[in-house]
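Hi everyone, thanks for coming. I'd like to walk you through one structure today, so please have a look at the screen.

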Amino acid sequence: MAAKFFRPSRLISVALVIAAGAWILSGVYEPNAGEESQPSAAEASAEPQIPIQKVGVTTATPEEHSRTIILSCVTEADHRASAVARGAGVVIDLRVSRGRQIRAGEVMALLSDEGRASAVGQAQALLDQRIAEYNANKRLIDRGSAPQNDLPALESAVAAARAALAAAQAEADRSSVKAPIDGVVDAVPIQLGQAVQVGTDIAVVVDPDPMLAVGQVSEARRGSLEKGQAAEVRFIDGSKVAATVRFVGLSADKATRTYPVEAEMANADAAIGDGVTCEMAVRLAPIEATAVSRSALVFSDDGRLGVRVADADNKAKFMPVDLVDDGREVVWVTGLTGATQVIVVGQDFVTDGDQVEAVSATEAGVMMPAEPPA
């Protein structure tokens, strides 16, 4: 019986059970068991550390800035008039051609008579008759041979004859077409021998001096312009001409909500043509403003325009600004006082009160744009 109990297979089984029990009990009673997996009370109560955001900044300082309003314009002659036929007839003499200088009142064309001279002669004869009748009857009235009350009728007849003669002469004068203003003949839409009616254009005369630059200004900038301001008009060939603002409109265009602006230029040599595309630059009074990169502009949660800055405690802060001049890469704003560290890199990833590490924008590898001179 004992020999069966102490068989090798049974002894090995008992040894394995004892070893397994000892291994399990060693985990329960080991003094430092589980310390590495359980955090300490101090570690559990500590708040998680928020990493400090690195931002690129540039120093912006207010300075005196000369603002300029630039408007797209087109030139327009200040004086332009059409010479029209005041009577019907055939053009029997055409004395002008395009490009010719002409003076006001100079005859440009003659129309056929159409019986106008005969009407003048008839009216003159009637006037002579009425005057003779008046003189003869006046002598009789003066001698008492005719009643005194005949005199008003005689005077009325003479006045009517004079009026008829004046009307006939005015009609005869319509046979000639005269220049309405001094200038250059710009167009002659009729030909010699052409029949014309009353109101037909005979020629167009343009006075090139002065020439106007006509443009439109927005509602926001209209208040900055006023009559008498100096302006500069620039043309596509690079030439520039001094001008003076002479008109700023009071009524806006209903479609574009812009106001007309006119600047006057001297053009005695007619070097500036009518209808030329140009650009008007009006310099305004200097104002203290700060230049910042256009990309630095952000909007607050309530929709205000501004920039984010790094304050003395290296905390991000939103500063509202007003835009006073808009360039291609640099804008000029008011609202910043003194030297300010404006965040130009990373401004979209921080909010008010965030701790930041401010480094120079150039150190951060960002090249700041430079505004070209106006």
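By touching, or contact, I mean heavy atoms within 4.5 Å.

Before I go on, a word on where this comes from. This is a predicted model, where local features need pLDDT of at least 70 and side-chain atom pairs count only at pLDDT 80 or more, while totals for chains, interfaces and linings use all residues. Residues are numbered from 1 along each chain as its sequence is written, and side-chain values use heavy atoms, with hydrogens and water left out.

Now the overall picture. The chain has six helices and 22 strands; these are DSSP runs numbered from the N terminus, with helices being H or I of at least four residues and strands E of at least two. Of its 374 residues, 31% count as buried, and buried means under 20% relative accessible area, with a 1.4 Å probe and protein chains only. If you take contacts between residues at least 6 apart in sequence, 73% of them join residues at least 24 apart.

Back to Met265. Together with Leu71, Ala213, Leu225 and Met280, Met265 is among the residues with the most contacts inside the largest nonpolar core, which has 26 residues. A nonpolar core here is a set of buried Ala, Val, Leu, Ile, Met, Phe, Trp, Tyr and Cys residues joined through side-chain atoms within 4.5 Å. Elements giving two or more residues to this core include β3 (68–84), β12 (240–248) and β13 (259–265). The largest share, five residues, comes from β10. Apart from this core there is another one, of 16 residues, with Ala83, Ala85, Val177 and Ile190 among them.

How do some of those strands line up? β11 and β12 run antiparallel, joined by five bridges, and Glu232 sits opposite Ala242 in β12. Strands count as paired if DSSP finds at least two bridges between them. β11 and β12 make a hairpin with four residues between them, and Gly238 in the turn has a positive phi of about 95°. Then β12 carries on to β13, again antiparallel, through four bridges; Val245 has Ala263 in β13 as its bridge partner.

Elsewhere there's an open sheet of four strands, in the order β2-β15-β20-β19, with antiparallel pairing. β2 (63–65) and β19 (322–326) are at the edges with a single partner strand each, so one side of each has no neighbour in the sheet.

The residues it touches include Pro62, Trp332 and Leu336.

Last stop, helix α5 (residues 151–173). The expected span of a helix is 1.5 Å times one less than its number of residues. With 23 residues, α5 should therefore span 33 Å, and its end C-alpha atoms are 33 Å apart, which agrees. The buried residues of α5 are Leu151, Leu154, Val158, Ala161, Leu165 and Ala168, and they pack against α4 (116–143).

Key:
Buried < 20%, exposed > 50% of the residue type's maximum accessible area, 1.4 Å probe, protein only. Lists of a residue's contacts leave out its neighbours within four places in sequence.
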